[in-house]
Amino acid sequence: MKNIIQIVILGLLLGGCKTPSKIESRDPQTRTTVQQLPDITEKHWRLIEINGKPVASFGQTGRYSAFFLLSREDNRVTGNTGCNTLTGTFEIDPARYLIKFLEMSTTLMACLNMEIEDELNRVFRLADNYSITADGRFLSLNQAQTALLARFQIIAQE
């Protein structure tokens, strides 16, 4: 009987020490748990790097060159490509770091340099997951497990 009580007590002690499993970021530089991750919606994300190349912070108009905002209420994406306004919708699974951009479109103004705009539109078509730094200041849109498509820096919160 004494052995049974010891086994039960030992089981309770070991069970109480077990930590809950936590999902970790796919980006090894930003490894953190989902419970600690900041929400990526309701923030303006300024493009700082695309295809491994830095992007100028300000466009010809003096505005941020390219940015987007994810609206939680209606799953809308709004922003600017550096010249044209962009809009669309998104689906997100924060527990698995998955994101999908849908129905993306831009206005059709003639711009001097369409390279960044074309690349950004490509990013929105290809991105299927994201990573975010623990401090919530930098967001990466990725394709598959390892292909970093673009990096963004937070510029404002709604």
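The torsion about the S-S bond of Cys 83 and Cys 111 is about -85°, and the disulfide is therefore left-handed. This disulfide belongs to a predicted model, and the structure holds one disulfide.

**The disulfide**

- Cys 83 and Cys 111 are joined with an S to S distance of 1.8 Å, and both of these cysteines are buried.
- Because Cys 83 lies in the loop between strand 4 (76–80) and strand 5, while Cys 111 lies in the loop between strand 6 and helix 2, the pair ties together parts that are 28 residues apart in sequence.
- A disulfide is, in general, a covalent bond between the sulfur atoms of two cysteines.

- Glu 117 is found in helix 2, where its relative accessible area of 4% places it among the buried residues, because buried means under 20%.

**The nonpolar core**

- The largest nonpolar core has 26 residues, and those with the most contacts inside it are Phe 68, Phe 101, Leu 141 and Phe 152.
- At least two residues of this core come from each of several elements, including strand 1 (43–50), strand 3 (67–71), strand 6 (98–106), helix 2 (115–126) and strand 9 (147–157).
- Strand 9 supplies the largest share of the core, namely four residues.
- Phe 152, once neighbours within four places in sequence are left aside, is in contact with a list of residues that includes Trp 45, Leu 47, Ile 48, Phe 68, Leu 120, Leu 139 and Leu 141.

**Aromatic rings**

- The structure holds five aromatic pairs, one of which is formed by Phe 68 and Phe 101 in an edge-to-face arrangement, with 6.2 Å from centre to centre and 90° between the planes.
- Since Phe 68 lies in strand 3 and Phe 101 in strand 6, this pair ties together parts that are 33 residues apart in sequence.
- Phe 68 is buried with a relative accessible area of 1%, and Phe 101 is buried with a value of 6%.
- Phe 68 also pairs with Phe 124, and this pair is edge-to-face because the ring centres are 5.5 Å apart and the planes stand at 90°.
- As Phe 124 lies in helix 2 and Phe 68 in strand 3, the second pair ties together parts that are 56 residues apart in sequence; Phe 124, like Phe 68, is buried.
- Phe 68, Phe 101, Phe 124 and Phe 152 form one aromatic cluster.

**Strand 1 and its partners**

- Seven of the eight residues of strand 1 are buried, and the strand is therefore largely enclosed by the rest of the structure.
- Strand 1 and strand 3 run antiparallel and are joined by three bridges; within this pairing, Arg 46 has Phe 67 of strand 3 as its bridge partner.
- Strand 1 also pairs in the antiparallel sense with strand 2 (residues 53–54) over two bridges, and here Ile 50 has Lys 53 as its bridge partner.
- These two strands, strand 1 and strand 2, form a hairpin with two residues between them, and Asn 51 in the turn has a positive phi of about 50°.

Methods
Residues numbered from 1 in each chain as written. Predicted model: local features only at pLDDT ≥ 70, side-chain atom pairs only at ≥ 80, totals over all residues. Heavy atoms only, no water. Core = buried A, V, L, I, M, F, W, Y, C linked by side-chain atoms within 4.5 Å. Buried < 20%, exposed > 50% of the residue type's maximum accessible area, 1.4 Å probe, protein only. Contact = heavy atoms within 4.5 Å. Disulfide = S-S within 2.5 Å. Phe/Tyr/Trp six-rings, centres within 6.5 Å; stacked < 30°, edge-to-face > 60°. Pairing = 2+ DSSP bridges.
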